[in-house]
Each structure stands twice: as C-alpha cells, then as structure tokens.
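Subject: Structure for you to look at

Hi,

Here's the structure I promised to pass on. Have a look at it first, and then read on for what I found.

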Amino acid sequence: MAEYTFREVIAQAMSEEMRKDESIYLMGEEVAEYNGAYKASKGMLDEFGAKRVIDTPIAELGFAGISVGAAMNGNRPIVEFMTFNFSLVGIDQIINNAAKIRQMSGGQWNCPIVFRGPTASAGQLGATHSQAFESWYANCPGLKVIVPSNPYDAKGLLKTAIQDNDPVIFMESEQMYGDKMEIPEEEYYIPIGKADIKKEGTDVTLVSFGKIMKLAIQAAEDLAKEGISVEVIDLRTVRPLDYDTVLASVKKTNRLVVLEEAWPFGSVASEITYMVQQKAFDYLDAPIKRITTPDAPAPYSAALFAEWFPKLEKVKEEIKKAMYVK
C-alpha cells in the first residue's frame, strides 16, 4: 500500500490501461503540454507521446464528435472535459450519438468512450461553473454514470470504465483532486453498478455519492455519539443504480435519508425515493427525507454559497426527523 492523491490515481488508472491497449488514448483541453488542468494527466504526454495524449482546441462539440467516430472505428477514447459544465457544448454528441449508436446500428457498432472531468460546485466559481449534471446524464439510456467519492474507488472504477464497451460518464470533483488515500500496489477493478456500504448501521439508511459523501460519513460519526446508528451507502454509480443494496438496507433500518448535491427537481434522490416507496413501502416507519441544494443556481457570494450548499447540521437534523428525535 502507498498513499496517493485523487489526481494521481486518475493518471495511474488511465496509464495502466493505455499500456495494455494502444487503441486507448486521452484527449481534451490542456491534458498534454500542461499535464491537465488539474494535473490529472501529469507525465502522460512524456510516456505516451502526442498521438495518444492530445491537446484539443476549446471546442467540446468538435472533440466529443471526434471521439464518437474514433470509437466506432475501433479506438477507445478517454475525453476530459475541463468541467462537466462545458460538456453542455458537446452534449449533442454524447446524447444523440454516443448513447444511441449501438441501438440505432442494430448492434453493429459499440461506442467505448469515457467522458470524464469534474462535476458540481467547487467554491466561488459562479452559477455556470457549479452545476451537478449526474441526473441529466443518468436519465439517458445507453450511458453509464459513475461518481466516485474517494481515490480508491476512483481508480478501480475508472479502470473498469475504460474497459467497458459502452459510453461512460465519469464525474469527479475539483475539491477532491488533492484528497489522499492508501492505494494497493497490485491491480484492481471495481464493478460498475455496485454500491458500497461505507458504514453499517441499524436505525436509519443514509444514501449519497460523490464528494458530499464526506458530509454523510461525518454526520453518521457525529450521531453515533448520540446513540443513533446510521448505515451509510455510497452509490458510486448512479446509472446503473444499485437498488438492491438500498432496498436491503431500508428493509433493515426502516428509514431513509438521501443526500445529494443537486437541484431537487428530477434528481437522483427523486428516483431512489420512487423506487423505495414502490418496492419497500411496507418497511418504512417514516417518510423518506431528501437533502439537496436549493432549487436555484449556485450563488457566487461566499456567504450566500455557504447557505446554498447542504450543511452538516442540516444532514443530522433530517436524520433525526426521520427517527422522530428532537
């Protein structure tokens, strides 16, 4: 075991897979000469050269489209968006081509692409740079959507995503790139679509994913001191979503709280809430609680942003409400 940062394991995962398969290449803005906007491709240009680590113009629609054509012709592109806010410029290629070409071609073409980059907020970056689009992409059949919460999961999931024959949306966080964790020296893979129980509990189930998992774990640890046992589930993948793990936990604890850094309308939390009431309604001892950002763009002001982003105390408060504890 050795300690690595989130950005380092992203580079490791890509490099390890690229050494095995020459059809895999990385392209995006500043991924080569600059070593990545967040240094998540540091050293890769030196090892693989300019034909496999490619700096692109500021033209997401263009290089997203190039990646689709390349994937249909036997390559396995990794496309880095400097932020998924910018993926909206290329979303036509992702939704109308990458996600649909396998079905529309009757299975004649696969589209093995990983679209990766940071999602959601990262401090004072303004409304147009602080958006979480996990539910947008998860709403589209043909795409897989992964949102890891720590370096260990990120490496194993990214390696699996690169080997997958379908397009994968791999969403990171600017605020996690410096996070450190011990990583095994031996190679490992984590399956797509399998949630992870980060902390076992008996009183209430708390489901989350991505960087806001830190709040979920902290809330569970704080409430344990008050005698409340919280089971914390990290979805890791929001499409396909591991309903079985969530349902089994709810049938044990009889209560559910979902924490998500996203707007409330049409969120991942909404989907989980529907599925639980559909398949585990008789096990619920309290209404399902949902914690999201307000239904408004992220403010730039530091004071307003602090009010907009879900707070630790709010998470603990909603868990207590689910248990009818004051």
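To read what follows, take a salt bridge to be a side-chain nitrogen of Lys or Arg within 4 Å of a carboxyl oxygen of Asp or Glu. With that in hand, Glu 16, Glu 17, Lys 20, Lys 155, Lys 159 and Glu 187 join up in a network of salt bridges. Do keep in mind that this is a predicted model. By the same rule, the count comes to 27 salt bridges.

Start with Asp 164 and Lys 144, whose side chains meet in a salt bridge at 2.8 Å, N to O. Asp 164 sits in the loop between helix H7 (151-163) and strand E7 (168-172), while Lys 144 belongs to strand E6 (residues 144-146), so this pair ties together parts that are 20 residues apart in sequence. Asp 164 counts as buried, at 13% relative accessibility.

Next, Asp 222 forms a salt bridge with Lys 316, with the closest N and O atoms 3.2 Å apart. This one links distant parts of the chain: Asp 222 is in helix H8 (residues 213-224) and Lys 316 is in helix H12 (residues 312-322), 94 residues apart. Both Asp 222 and Lys 316 are buried.

Then there's Lys 252 with Glu 231, where the closest N and O atoms are 2.6 Å apart. Are the two partners buried or exposed? Lys 252 is partly exposed, with a relative accessible area of 42%, whereas Glu 231 is buried, with a relative accessible area of 2%.

Now for the domains. The protein is divided into domain 1 (2-183) and domain 2 (196-323). Their centres, taken over C-alpha atoms, are separated by 27 Å. On the domain 1 side 31 residues take part in the contact, and on the domain 2 side 26 residues do. Domain 1 and domain 2 bury about 2100 Å² between them, and 57% of that is on carbon and sulfur atoms. Which residues of domain 1 lose the most area to domain 2? They are Gln 124, Val 147 and Ser 149, together making up 23% of what that side buries. Between domain 1 and domain 2 the count is three salt bridges. Elsewhere on my list of pairs, Asp 179 forms a salt bridge with Lys 214, the closest N and O atoms being 2.7 Å apart.

Last, helix H10 (residues 268-280). H10 has 13 residues and reaches 18 Å from its first C-alpha to its last, close to the 18 Å expected at 1.5 Å a residue. Its buried residues are Val 268, Ala 269, Ile 272, Met 275, Val 276 and Ala 280. They cover an arc of only 130° around the axis, which puts them on the same side of H10. What covers them includes helix H6 (134-138), helix H9 (243-253) and strands E10 (204-208), E12 (237-239), E13 (256-259) and E14 (289-291).

Glu 271 is also in helix H10, but at 31% relative accessibility Glu 271 counts as partly exposed. Glu 271 and Ser 135 are 136 residues apart in sequence, yet 9.3 Å apart in space, C-alpha to C-alpha.

Cheers

Technical notes:
Residues are numbered from 1 along each chain as its sequence is written. This is a predicted model: local features need pLDDT of at least 70, side-chain atom pairs count only at pLDDT 80 or more; totals for chains, interfaces and linings use all residues. Side-chain values use heavy atoms; hydrogens and water are left out. Helices (H or I, at least four residues) and strands (E, at least two) are DSSP runs, numbered from the N terminus. The expected span of a helix is 1.5 Å times one less than its number of residues. Buried means under 20% relative accessible area, exposed over 50%, partly exposed in between (1.4 Å probe, protein chains only). The arc is that of the directions from the helix axis to the C-beta atoms. Contact means heavy atoms within 4.5 Å. Domain bounds come from an automatic or database domain assignment. Buried area is the accessible area (1.4 Å probe) that two parts lose on being put together, summed over both.
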